[in-house]
Amino acid sequence: MLRFKRKSEIFEYLRKIFRNSELVLVRGSAAYGNLKAFYDIDVEVYATKLRKPYYDVVLLGKKPILLSVYFER
């Protein structure tokens, strides 16, 4: 399980994973607000090829964070 110290590190991780995509959007209050004890980050990835949804659980300090990534055209 990946461990991060700051929320910006999670966004950098997502940017590296989906760097070949046309557009990556982080949706919901997780984009700007503080993350609580258990939180999820919803991500939409726009690419020419559709893929199955991607889920991952990472730690932000001691807080588990669910990453939910959906692919769109």
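Tutor: Phe-18, Tyr-54 and Phe-71 together make up one aromatic cluster. The model is a predicted one, in which local features need pLDDT of at least 70 and side-chain atom pairs count only at pLDDT 80 or more, while totals for chains, interfaces and linings use all residues. Residues are numbered from 1 along each chain as its sequence is written, and side-chain values use heavy atoms, with hydrogens and water left out.

A pair of aromatic rings is described by the distance of the centres and the angle of the planes. Here, rings of Phe, Tyr and Trp (its six-membered ring) pair if their centres lie within 6.5 Å; planes under 30 degrees apart count as stacked, over 60 as edge-to-face and the rest as tilted. By this rule there are four aromatic pairs. In one of them, the ring centres of Phe-18 and Tyr-54 are 5.9 Å apart and the planes stand at 85°, so the pair is edge-to-face. Phe-18 belongs to the loop between helix H1 (7-17) and strand S2 (23-27), and Tyr-54 to strand S4 (residues 54-60), so this pair ties together parts that are 36 residues apart in sequence. Helices (H or I, at least four residues) and strands (E, at least two) are DSSP runs, numbered from the N terminus.

Phe-18 is buried, at a relative accessible area of 3%, whereas Tyr-54 is partly exposed, at 26%. Buried means under 20% relative accessible area, exposed over 50%, and partly exposed in between (1.4 Å probe, protein chains only). Phe-18 also pairs with Phe-71: the ring centres are 5.8 Å apart and the planes at 70°, so this pair too is edge-to-face. Since Phe-71 lies in strand S5 (residues 63-72) and Phe-18 in the loop between H1 and S2, the pair ties together parts that are 53 residues apart in sequence. Phe-71 counts as buried, with 10% relative accessibility.

From Tyr-54 the account moves to Asp-56, which is placed in strand S4. The side chains of Asp-56 and Tyr-54 are joined by a polar contact of 3.3 Å. Such a contact is a pair of N or O atoms within 3.5 Å; within protein, one must be able to donate a hydrogen and the other to accept it, and residues adjacent in sequence count only if both atoms are side-chain atoms. Asp-56 is buried yet has no salt bridge, and the nearest side chain of opposite charge, Arg-51, is 11 Å away. Lys and Arg count as positive and Asp and Glu as negative; His and the chain ends are not counted. A salt bridge requires a side-chain nitrogen of Lys or Arg within 4 Å of a carboxyl oxygen of Asp or Glu. Apart from neighbours within four places in sequence, Asp-56 is in contact (heavy atoms within 4.5 Å) with Tyr-13, Ile-65, Leu-66 and Leu-67.

Two of these partners, Ile-65 and Leu-67, are among the residues with the most contacts inside the largest nonpolar core, which has 17 residues. H1, strand S3 (39-46), S4 and S5 are the elements that give two or more residues to this core. A nonpolar core is a set of buried Ala, Val, Leu, Ile, Met, Phe, Trp, Tyr and Cys residues joined through side-chain atoms within 4.5 Å. Leu-14 touches Val-43, Leu-67 and Val-69, not counting residues up to four places away in sequence.
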